[in-house]
Amino acid sequence: MAAVQDGPMELDTEKETKPEILSDGTSKLSGNAASGTLSSSPLTAGGAPKQEDQQTLIAVLQFLRRNKLSESVEILRREAGLEDQEDSQTLDGSGGGKGDRDGGEANSLLSRVSITSAAAPQIILSTSVTNEQLDVSVVLSAYSQQGDPSLYQVYYSGLKNFIESVLDCHRAELSQLFYPLFVHMYLELVYNNHENEAKAFFEKFGGDQECYYQDDLRVLCGLTKKEHLKGNEVLLDFRTSRFVLRISRDSYQLLKRHLQERHNNQIWNIIQEHLYIDIFDGMPRSKSQIDSMSGSFAGEARREVNKVKVFHGLLKEPEIEVPLDDEEDEAENEEGKPKKKKTKKDSMGSKSKKQDPNAPQQNRIPLPELKDSDKLDKIMYMKESTKRIRLGPENLPSICFYSFLNAYQGLTAVDFTDDSSLLAGGFADSTVRIWSVTPKKLRKVKSAGELNLIDKESDDVLERIMDEKTASESKILCGHSGPVYSVSFSPDRNYLLSSSEDGTVRLWSLQTFTCLVGYKGHNYPVWDTHFSPFGYYFVSGGHDRVARLWATDHYQPLRIFAGHLADVTCTRFHPNSNYVATGSTDRTIRLWDVLNGNCVRIFTGHKGPVHSLAFSPNGKFLASGSTDGRVLLWDIGHGLMIGELKGHTDTIYALKFSRDGEILASGSMDNTVRLWDSTKAFDDVETDDFTAATGHIHLPDNSQELLLGTYHSKSTPVTHLHFTRRNLLLAAGGYSSQ
């Protein structure tokens, strides 16, 4: 069964349900760490194919030949510009054809193969079949070119001594080289069976690395033999995504001159092969500026990635006639007829009156049409908005905390409906439970036989179809075969989504409290799912490192967002529904365009996995929370970090802006809810920084000034936060007796 919607909703007028797999260029087979077609690295000869890409192409061509796929061979050779060359040769820079037109960085196997149209099914099949062979023979082969293993410590020490001796302004920037060079030199030693040298190298220099890389180093120290490297996901991620460093031109020239004078080819080769140095003109960055952007698995984001135009404005609200409250209770006139009510248009939020210049076109993506019930709900929302409390530093919200007591099933997820009438909890025993927060009890729709007896023309037909015998304060939904990690209500309160360890996302009806659809696409646990603000679409993210965009009436995903290097732990729709934000354990946040599947923003700066995201109501800003206990604020339009809120001492699992966006609430495993002055945080940003070509940021250390209040629960970690339509803050979590 599928969820019923008014009219077919086809994204991009697609009539098929097959997903369009779109990547930002950082999938496992690609050498890029950022989206789009970027200029080649400053350290790479212009347009020259990479050695590993050449070997990858040769491996694919040989496999196709062995399987007598001659047509595919010819098409791949032609697209790769190899018509006049033998694929057994070592290709030089002159072999670049179509596949090389966008520079060296576009030469990955994935981007070459995806150009082909006629033979795409055959080539993609061949690629997947030979994945394991390529992982070993191509990915690891780059480590076979190595020098004297006994000199690795000398090389690294020499560079370290040089960097520590340069001027302070250059030292901070060049110190970024320590970690990626350390990892790649260690892996070279391990790959070439120099176990003792590798162990000594790790023991000598492992402790010098930044504290936020310690989790990665713990995994790395377990790779002590060549056999350990084969199929290791951490290694393949690090190897296939070039570590990005942002360095000023002066610092880069210093480094280049030093390596040339010392003839230190070993380190120079690693820089050329495995690093992408993003050179900018201007003053070198300070240590604090670098630290604020560091910490992700593959270094910083390239500046080109965050320059794509993003339509972060809100869509124009439909004009709905709202009855005046003061006339609703008027007595009937002398003739016994009620007075005709005057109407007024929505006075809340001038955003609906004018088209936001930064907003996408109304029809940029197809959105569901408003049903009569949606319009009634909008009217209720507007009426409640008139009674909304204006929050601020002098007027903080009341907080109502829902503690789940005796939750022996293990509470893992919570969500409230937009009108705050229902509360859902996901549990480790694979059940989903729904409670009514209001006195109104939960009722099922009557059976088909009983519905036939109802007068469908009566005014109270919606009440008559409900079965009073089934009324109760809560309902239990069973269907998943593993812990439920996320729940999300649809805006119209008719459906509930749940995602689970069993790899599925289920859509439940809140009329019958039964499962309508099980969406199967993820191969591993699904950590999060979230409905679009307009309903119909939803997004999911999981252990398979991709996020998927779905529509309720399609059993296969419409888009697959590939690019993260580790689990996608949290997902959120932008208020205009044209973009999706994802947070990951690779310590980055990505913003994806729903229309074409492209990655349009990559935000780095967290020092731990990202577990919570929240867009501001106006769509301009994004807040993210992580295991590092910090909340980071991002300007979506400029693609920059603009704030850092410190105070929590544990993982932040819940973030929510107030309805007017003036307060940001954060909930953490440290059993506290904290309120922050988001208006001041956004107003204090120096707009001059946005015009700097280097993307420099100057974060004021003003967390204590922005912190408006801290509220402790007795022993309840905060799992979810929600602002009601009148700006009352609801918090929820499972009581912990420990």
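Predicted model: local features only at pLDDT ≥ 70, side-chain atom pairs only at ≥ 80, totals over all residues.

At what angle do helix α6 and α8 pack, and how far apart are their axes? I found that helix α6 (residues 152–165) packs with α8 at an angle of about 175 degrees, with the axes 11 Å apart. I took axes as lines fitted to C-alpha atoms over the stretch in contact, and angles from 0 to 180 degrees between N-to-C directions. That makes α6 roughly antiparallel to α8 (over 145 degrees).

I then listed the contact (heavy atoms within 4.5 Å). On the α6 side I noted Tyr152, Tyr155, Tyr156, Leu159, Lys160 and Ile163, and on the α8 side Phe178, Leu181, Phe182, Met185, Glu188 and Leu189. By class I got 10 nonpolar, no polar and 2 charged residues. Here Ala, Val, Leu, Ile, Met, Phe, Trp, Tyr, Cys and Pro count as nonpolar, Asp, Glu, Lys and Arg as charged, and the others, Gly among them, as polar.

Next I turned to α9. Helix α8 (residues 178–191) and helix α9 (residues 195–205) pack at about 160 degrees, axes 8 Å apart. That makes α8 roughly antiparallel to α9. Phe182, Met185, Tyr186, Leu189 and Val190 of α8 meet Glu197, Ala198, Phe201, Phe202 and Phe205 of α9. I sorted these into 9 nonpolar, no polar and 1 charged.

Last, I checked burial: 14 of the 14 residues of α8 are buried (under 20% relative accessible area, 1.4 Å probe, protein chains only). After α8 comes Asn193, with a positive phi near 65 degrees.

Residues are numbered from 1 along each chain as its sequence is written, and side-chain values use heavy atoms, leaving out hydrogens and water.

Note on methods. Helix = DSSP H or I, 4+ residues; strand = E, 2+ residues; numbered from the N terminus. Parallel < 35°, antiparallel > 145°, perpendicular 65-115°, else oblique. Buried < 20%, exposed > 50% of the residue type's maximum accessible area, 1.4 Å probe, protein only.
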